[in-house]
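Good morning, everyone. Let me put the structure up, and then we'll walk through it.

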Amino acid sequence: MKANVGTIDRVLRIVVGLVLMALAATGTVGWWGWLGAIPLATGLFRFCPAYTLLEDIAWQVQPQAVLRVDPIGRVITLARSTKAGE
């Protein structure tokens, strides 16, 4: 399992997960608050299966290049980097 969740994303997932679970434990929100275990787990393990799935779909839609806009507004085309194991 390769880590695919960044530091800020990780912190936010952990905080949101804990808050939702605390609200569910106190009865402030319904059963759905226990779903906070999902972002909590993805934050703790630094891996989100949805990111992996979405990355694969994105490469199928546009496999030849990645477009990026730099800070002054120029569009830069970057060649696709090969993934490990391909």
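This is a predicted model: local features need pLDDT of at least 70, side-chain atom pairs count only at pLDDT 80 or more; totals for chains, interfaces and linings use all residues.

Residues are numbered from 1 along each chain as its sequence is written, and side-chain values use heavy atoms, with hydrogens and water left out.

Start with charge. Side chains of opposite charge can pair when their charged atoms come close. A salt bridge here means a side-chain nitrogen of Lys or Arg within 4 Å of a carboxyl oxygen of Asp or Glu. How many salt bridges does that rule give? The count is one. Arg13 pairs with Asp9, with 3.0 Å between the closest N and O atoms. Both sit in helix 1, four residues apart, so about one helical turn separates them. Helices are DSSP runs of H or I, at least four residues, numbered from the N terminus.

Buried or exposed? Buried is under 20% relative accessible area, exposed is over 50%, and partly exposed is in between, using a 1.4 Å probe and protein chains only. Arg13 is buried, at 14%. Asp9 is partly exposed, at 22%.

Stay with helix 1, residues 7-26, which holds Leu18. Leu18 is partly exposed, at 49%. Its C-alpha lies 8.8 Å from that of Pro39, 21 residues away along the chain.

Last, Leu35. Leu35 is in the loop between helix 1 and helix 2, residues 37-45. Leu35 is partly exposed too, at 46% relative accessibility.

How values were computed. Helices (H or I, at least four residues) and strands (E, at least two) are DSSP runs, numbered from the N terminus.
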